[in-house]
Amino acid sequence: MELDYRYPAISDLKSRARRRVPCYIWEYLDSANGTESAKTRAEAALDAVQLSPDILLGYVTAELSTEFLGHTYQAPFGIAPVGMSGAFWPDAEALLARTAVETQIPYCLSTVSATTPEDVAPHLGQQGWFQLYPSGDTEIRQDMLARVKAAGFHTLVLTVDVPALSWREREKRVQLKNPMALTPSIILQSALRPVWAFGQVQQPALRPRIFDKYADPSGTSGHDKHIGQTLRVVPDWEYLDILRREWDGSLIVKGVLDAAPVPRLIEAGADAIWVSNHGGRQFEAAPAPLDVLPAIRDAAGLDYPLICDGGVRSGTDVLRMMARGADFVMLGRAFHYGLAAAGAAGAAHVVRLLSQQMVLDMAQLGIARPSEAHTRLPA
């Protein structure tokens, strides 16, 4: 395939993406919190994991298909939620949903997406997960859950690691605000990226559209104030119990970096735990997800479903996470690099890159399934 030679690694897609989107949009997606040490630690933790090749096994046929939470996916990885994906590339949410259907991997839509669950539904197939930021309004929460279910999302992901908005210096340096202010600098940056800008002018105004239904009809509160009132609720154990009663599909708790609450999460009815430091965007001092993953696996037991993300740049990184205890791996930034670099074909190319790298690595390791990667950790 042509893209194999133009973009042989996710880093190549990243370089191309940076040249195709405005600076303020790039800073939104690529930045982390503080000095970004949490982000770099996640990558360094992956680099530190070594896997030992095996020899004289003959030809081993690699099989990537994976059963997870009652669904079969063609690879043990999926598309993680990214807020306001549509800001990074026009119609991103629909394009990513279609990619997920075509490649048979899960797609997780963020609560704060630039489109609604209903608009994504025609493109979703059976691949839909929905990431929920907790709402403090009971009626809004229940209505959102009903809408998500009706749109075809079968798995709910409760994010628990955003007790407050973080201070992201790179975003502030480029004057990125919420709601976005059309300053001369923002307008100039946009004009310098004509392909991106032309696509955006054909889309509705960027905002988290799931909340349009609940906006103050007087128009006096504004979307930003409304979101602040309804989303800045810090979930507690009672909230998790309520959500478990209200949602009859699979329920994942995302943002866990400590083994201590794991037994209680399982007892509360969480069907899976997602080990994540939010891409390093929330807390600079947070550990690398991969570093805490083994302790969380010990606390959860061998058969309990665990997801991990953070710093994944290749199929090799996916295998590294699985070797350390993950059953499934999610990526967010990588798929958006693909979109900005080459549109829908770029997002599909990310799946191809990861899959091909995994198959070739598994040949080196002499394993038939990704779940066997732990057997190749050095003694």
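Helices α8 and α13 are oblique to each other, a class that takes in the angles left over once those under 35 degrees (roughly parallel), over 145 (roughly antiparallel) and 65 to 115 (roughly perpendicular) are set aside. The two helices, α8 spanning residues 138-150 and α13 spanning residues 237-246, pack at an angle of about 40° with their axes 11 Å apart. Axes are lines fitted to C-alpha atoms, for helices over the stretch in contact, and angles run from 0 to 180 degrees between N-to-C directions. The crossing of α8 and α13 is right-handed; a crossing has this hand if the near helix is turned clockwise from the far one by less than a right angle, and is left-handed if the turn is anticlockwise. On the α8 side the contact (heavy atoms within 4.5 Å) is made by Arg141, Gln142 and Leu145, and on the α13 side by Tyr239, Ile242, Leu243 and Glu246. Helices (H or I, at least four residues) and strands (E, at least two) are DSSP runs, numbered from the N terminus.

The model is predicted, with local features requiring pLDDT of at least 70 and side-chain atom pairs counted only at pLDDT 80 or more, while totals for chains, interfaces and linings use all residues. Residues are numbered from 1 along each chain as its sequence is written, and side-chain values use heavy atoms, with hydrogens and water left out.

Ala151 lies in the loop between α8 and β6 (155-159). Ala151 is buried at 11% relative accessibility, where buried means under 20% relative accessible area, exposed over 50%, and partly exposed in between (1.4 Å probe, protein chains only). Apart from neighbours within four places in sequence, Ala151 is in contact with Pro117, Glu118, Ala121 and Leu124. The C-alpha atoms of Ala151 and Val120 are 7.9 Å apart in space, although the two are 31 residues apart in sequence.

The crossing of α6 over α17 is left-handed. Helix α6 contributes Ala92, Leu95, Leu96, Thr99 and Thr103 to the contact, and α17 contributes Phe335, His336, Leu339, Ala344, Ala347, Ala348 and Val351. Gln104 is found in the loop between α6 and β4 (107-110). Its phi is near 60°, a positive value in a residue other than glycine, and Gln104 is partly exposed, with a relative accessible area of 30%.

In soluble globular proteins, nonpolar side chains tend to be buried together. A nonpolar core is here a set of buried Ala, Val, Leu, Ile, Met, Phe, Trp, Tyr and Cys residues joined through side-chain atoms within 4.5 Å. The largest such core has 104 residues, of which Phe77, Tyr107, Leu132 and Val329 touch the most other members. Helix α17 (residues 333-365) supplies the largest share of this core, 14 residues. Not counting residues up to four places away in sequence, Phe77 touches Ile105, Pro106, Phe328, Val329, Leu331, Val351, Leu354, Ser355 and Met358. A second, separate core of 12 residues includes Tyr73, Ala80, Ala272 and Phe328.

Helix α16 (residues 315-323) is largely enclosed by the rest of the structure, since 8 of its 9 residues are buried. The buried residues are Gly315, Asp317, Val318, Leu319, Arg320, Met321, Met322 and Ala323. Among the elements covering them are α4, α15 (289-300), β9 (306-308), β10 (328-331) and α17.

The loop between α3 (23-30) and α4 (37-47) contains Asn33. Asn33 is buried, with a relative accessible area of 10%. Beyond its neighbours within four places in sequence, Asn33 is in contact with Ser166, Trp167, Glu169, Gly280, Arg281, Gln282, Phe283 and Glu284. Glu36 is also placed in the loop between α3 and α4 and is buried, with a relative accessible area of 12%. Phi of Glu36 is near 70°, a positive value in a residue other than glycine.

A search of the whole structure for disulfides (pairs of cysteine sulfur atoms within 2.5 Å) finds 0. Cys108 is in no disulfide, and the nearest cysteine sulfur, that of Cys308, is 15 Å away. Cys108 is buried at 1% relative accessibility, whereas Cys23 is partly exposed, with a relative accessible area of 39%.
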